[in-house]
Amino acid sequence: MLDIQFVRENSETVKTGMKQKGEEDLSVVDRVLEVDQTWRDLVVQVDELRAESNTKAKQIGVLKGEGKHEEADRIIRETSKAKEEVKELEKKMQSAKKERDELLLKIPNLPHESVPVGSGEEDNKVVHSWGEPDRSDWRKPHWELAERTGWIDFDRGVKVAGAGFPFYRGDVARLQRTLINFFIDEAVGQGYEELQSPFFVNEDSARGTGQIPDKEDMMYEIARDGFFPIPTAEVPVTNFHRDEILPGQELPLRYVAYTPCWRREAGSHGKDVRGLNRLHQFDKVELVKIVRPEDSYEELESLRRQAEVLLEKLGLPYRTLLMCTGDMGFTQSKKYDLEVWSPGQKRWLEVSSCSNFTDYQARRLMLRYRNDDGKPEIAHTLNGSGLALPRVMAAILEAYQTEEGKVEVPEVLQERMGKKLIAES
């Protein structure tokens, strides 16, 4: 969430940022400030009553010593009444703070000044590209290969779970496992610590990273146990240091984690969801950073580059988009999307998002570090896909297919796979 002091001093800037992100209800800022003023007025009343009671309490012993017992008893009654008033005011104060904080959760992070202002994907900016997209007419989309070879069984996935839950078989299952290990090993080689995280989180964790209140419709819920199957490893890994004060000399912290991910993808339909393009369960390797505020945008650029290098090593043409304000998301201040070329579908597929959340998540999480003066300060958090598996797999199957219907294994994976070619079994 945003710092309340910042909202107090920059309410119009906050409204402008919200409008740029496509938020329509700007009145939430005014409501936050109204409730905040109520809370501040209550704080003043409580402080004044306490100060008055403390002053009177000091008089009691003096009056008793002077034999003025009736006057001392009167002051005792007054201070007792004041204590009850303080208790009632404190309840109102806590209620106002709770309401203010709940309203703050409805205000998105503000876009960085370098983010292009726009309303949708047409306003995103291509900032980098690599490789030459193959537009050969003979290349088939991956789902046609899968149907013919049985490498990916969508129908049995529907039978067992439902649409969006495919089975991977044989060498393609092995290729997926190889990709996961490749992505993790590359990150570890870049200084990331590997974590194996829970696949389920509680409501506090989902709220801490901004899935609540924003993406409830995207998440599955196990209501009986109060769990959410994770939509991304970002959620458990970023919560790893929730409610902690980290030694400043330990920053930056960099973590890599592989997890399955579950997303309801409410409203998804049409050709864009065919095959592996959009699944309800998929695998992903996630990169998470916890950094000092002054380093976060530089760390975003290195995060983006680390994801790009993976695609280059796989030999997959891609482009990097700087997302505009209206296509960026609720919690991000700046975000890059990496899109790989799908030669069988003749279009770009998103395989990674690299985002800087500044202090937005960390403030919800109470994730702090001690600065050079030894004082606690809110950290900055970042995360990026390194990479998401389904569309990478789709791109490999399409880009490396031969006219004979086989699929070459990318050179960087051949030693790990122990073979150069995937053939129909």
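Colleague: Which strands does helix α7 lie across?
Modeller: In this predicted model, helix α7 (residues 170-189) lies across β4, β8 (253-262), β9 (281-291) and β15 (380-388). The helix runs at about 5° to β9.

Colleague: And what does helix α10 touch?
Modeller: Helix α10, residues 296-314, packs on the sheet and touches β1, β8, β9, β10 (318-322), β11, β12 and β15. Its direction makes about 5° with that of β15.

Colleague: How many strands form that open sheet, and in what order?
Modeller: There are 8 strands, ordered β1-β10-β11-β12-β15-β9-β8-β4, and their pairing is mixed. At the edges are β1 (125-130) and β4 (193-195), each of which pairs on one side only. From one strand to the next, the twist averages 25°.

Colleague: In what sense do β11 and β12 pair?
Modeller: Strand β11 (residues 334-342) and strand β12 (residues 347-356) are antiparallel, and their pairing extends over 9 bridges. Within this pair, Ser352 in β12 stands opposite Leu338.

Colleague: What about the sheet of 3 strands: what is its order?
Modeller: That open sheet has the order β7-β13-β14, also with mixed pairing. Its edge strands are β7 (245-246) and β14 (376-378), and each pairs on one side only. Strand β13 (residues 368-370) runs antiparallel to β14, and 3 bridges join the two. Arg368 has Ile378 in β14 as its bridge partner.

Colleague: Changing topic: how much space lies in the second largest pocket?
Modeller: The second largest pocket holds about 450 Å³. Its lining is made up of 27 residues, and those nearest its centre are Phe154, Val158, Ala163, Gly164 and Gly275.

Colleague: Which element gives the most to that lining?
Modeller: Helix α6 does, with 5 residues. At least two residues each come from α5 (142-149), β2 (152-153) and α6 (154-160).

Colleague: How do the lining residues divide into nonpolar, polar and charged?
Modeller: The lining of this pocket has 10 nonpolar, 8 polar and 9 charged residues.

Colleague: Speaking of charge, how many salt bridges does the count come to?
Modeller: The count is 29 salt bridges.

Colleague: Where do Lys15 and Glu12 lie?
Modeller: Both are in helix α2 (residues 11-20), 3 residues apart, which is about one turn of the helix. In general, side chains of opposite charge can pair when their charged atoms come close.

Key:
Residues numbered from 1 in each chain as written. Predicted model: local features only at pLDDT ≥ 70, side-chain atom pairs only at ≥ 80, totals over all residues. Heavy atoms only, no water. Pairing = 2+ DSSP bridges. Helix = DSSP H or I, 4+ residues; strand = E, 2+ residues; numbered from the N terminus. Axes fitted to C-alpha atoms, helices over the stretch in contact; angles between N-to-C directions. Contact = heavy atoms within 4.5 Å. 1 Å grid on protein atoms, 1.4 Å probe; cavity = no way out; pocket = protein on both sides within 12 Å on 5 of 7 lines; lining within 4 Å. Points joined across faces, edges and corners; volume = space filled by probe spheres on them. Nonpolar A, V, L, I, M, F, W, Y, C, P; charged D, E, K, R; others polar. Salt bridge = Lys/Arg side-chain N within 4 Å of Asp/Glu carboxyl O.
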